[in-house]
Amino acid sequence: MSHQEGKSYLALTLATLAFAACFSVWTLYSILGIELQRQLNLSSTEFGLLLAAPIFTGAIFRIPIGFLAEKVSCRSLFFWQMLSVVPPLFYLPYVETFSGYITLGFLIGISGVSFTIGIRYVTDWFETKHQGFALGVFGAGNAGAAITLVLVPLVVEFYGWKTIGTVYGFGMIFMAILFRLFAPEVNAFYKNKQQTKSFEFYWEPLKQLQVWRFGLYYYFVFGSFLALLLWLPQYYVSAYGLSLTQSLALTLLFVTSSSIVRAVGGWFADTFGARTVNWSAFWICMVCLFFLSYPPTTMTVHGVEKDVTVAFEVNVWLFTLLIVIIGLAQGFGRASIYKTIYDYYPHHMGSVGGVVAAVGALGGCTLPILFGLAVDVIGVYSACFMLLYGVLALCMVVMYFAIRAEREQKLLKEAIANNFLEKD
């Protein structure tokens, strides 16, 4: 391995670890929220608002941070972003009201912009043919949510709920220092070349509808993943009556499998094409969501001599299997979308990547709220999956017409080219 390759893999490793640490903070309310729901007697809608608070900030700030990452050192930006989360974490033990937790959630949500910074940092270190794999490995930092699922119960068991913020604060300080000391800086020539680009250069692609289509796809593959990892622990408790420990273990299975497979999804996108991988992932999720959307049903058939009762219900093991399959498909989908973005916009990974990441993160912000409203209004736990089914159907319809339009445009260009050749 050459010296440059060694620096590339060091940069990727440290960026992934830093992203995992930030992601664990960003999803802290997924576990903390269960205790707060009990203490504060929150409704499903209020619980959804609580989960959405940190996700909202992480989503909207991905756009300006994405543009900033094009102009300044991502290594320094990553370091200061991690340190900015420390004060609200240390203040967490002193909050006692619902509004206080919402406000603090907004501040903790700054940890969510780490994805945009990391994506911009990692792309500078790898060639085009390896971008899918590199971005997939970095995206596996989503497994940072698993840190929360494992660490929080242990901290609570030994030290109590009030110490969670302090433990996470010191952990973030350690990660920030580690990254600052050992993460390599992009070479000065490339950095100076980037800084000469105008703001309009990075803004121009956002005028294209295609960028927002990518954002819609990411809204499902990442936004629903984020929403589910926040929602699943209490779903297992409410819908299946499992203990918190059992619920966290099954949610951990969903999170880790979906996150780790993202690296494999990046390789598949490099090898077989990003769009093929993405379309296949959508179909797999569509089939699984169909079964998850069906609420427990009992039907009575009035026969000639007696009534026949037919019952249908997705038990906890079938539910977990379908959820894990969806998570795996989403992992492939997340990797393929960012490979697609690099294929179309290799010089705009901060700006375009930041916008797409923001739209996706808004899914993690809005969907938990919509989950809560759907459950409160419809009155069945599976209402959240009915909602996801509709979101995915919209994504697939948009992708279908986009693919068809591109094919027609390609055929038209070929016809015009052939016509010119015939005239010559």
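**Helix packing, loops and cysteines in a predicted model**

Helix α4 passes α8 in a right-handed crossing. This description, like those below, rests on a predicted model. Helix α4 covers residues 62-71, and α8 covers residues 114-123. Their axes come within 9 Å and cross at roughly 25 degrees. Angles under 35 degrees count as roughly parallel, so α4 is roughly parallel to α8.

Two packed helices are described by the angle between their axes and the distance between the axes. Two further pairs can be described in these terms. Helix α9 spans residues 131-139, and helix α15 spans residues 244-272. The axes of α9 and α15 come within 7 Å. They cross at roughly 165 degrees. Angles over 145 degrees count as roughly antiparallel, and α9 and α15 are therefore roughly antiparallel to each other. The crossing of α9 and α15 is right-handed.

Helix α9 is also mostly covered. Of its nine residues, seven are buried. Three glycines are among the buried residues of α9: Gly132, Gly136 and Gly139. The buried residues of α9 also include Gln131, Ala134, Leu135 and Phe138.

The next pair is α16 and α17. Helix α16 runs over residues 274-293, and helix α17 over residues 316-344. Their axes come within 8 Å and cross at roughly 155 degrees. This angle makes α16 and α17 roughly antiparallel to each other. The crossing of α16 and α17 is left-handed. By class, the contact of α16 with α17 has 18 nonpolar residues. Five polar and two charged residues also belong to this contact.

Two loop residues come next. Thr27 sits in the loop between α1 (3-26) and α2. Thr27 has a relative accessible area of 0%. Buried means under 20%, so Thr27 is buried. The side chain of Thr27 reaches the backbone oxygen of Ser24 at 3.5 Å.

Asn41 is placed in the loop between α2 (29-40) and α3 (44-60). Its relative accessibility is 68%. Exposed means over 50%, so Asn41 counts as exposed. Phi of Asn41 is near 55 degrees. This is a positive value in a residue other than glycine.

Leu229 belongs to helix α14, which covers residues 209-240. Leu229 is buried, with a relative accessible area of 2%. In sequence, Leu229 and Ala15 are 214 residues apart. In space, the two residues are 22 Å apart, C-alpha to C-alpha.

The cysteines were examined for disulfides. A disulfide needs a pair of cysteine sulfur atoms within 2.5 Å. By this rule the count comes to zero disulfides. Cys22 is in no disulfide. For Cys22, the nearest cysteine sulfur is that of Cys74, 13 Å away. Cys22 is buried, at 0% relative accessible area. Cys384 is likewise in no disulfide. The nearest cysteine sulfur to Cys384 is that of Cys285, 14 Å away. Cys384 counts as buried, at 0% relative accessibility.

Notes
Residues are numbered from 1 along each chain as its sequence is written. This is a predicted model: local features need pLDDT of at least 70, side-chain atom pairs count only at pLDDT 80 or more; totals for chains, interfaces and linings use all residues. Side-chain values use heavy atoms; hydrogens and water are left out. Helices (H or I, at least four residues) and strands (E, at least two) are DSSP runs, numbered from the N terminus. Buried means under 20% relative accessible area, exposed over 50%, partly exposed in between (1.4 Å probe, protein chains only). Axes are lines fitted to C-alpha atoms, for helices over the stretch in contact, and angles run from 0 to 180 degrees between N-to-C directions. Angles under 35 degrees count as roughly parallel, over 145 as roughly antiparallel, 65 to 115 as roughly perpendicular and the rest as oblique. A crossing is left-handed if the near helix is turned anticlockwise from the far one by less than a right angle, and right-handed if clockwise. Ala, Val, Leu, Ile, Met, Phe, Trp, Tyr, Cys and Pro count as nonpolar, Asp, Glu, Lys and Arg as charged, and the others, Gly among them, as polar. A polar contact is a pair of N or O atoms within 3.5 Å; within protein, one must be able to donate a hydrogen and the other to accept it, and residues adjacent in sequence count only if both atoms are side-chain atoms.
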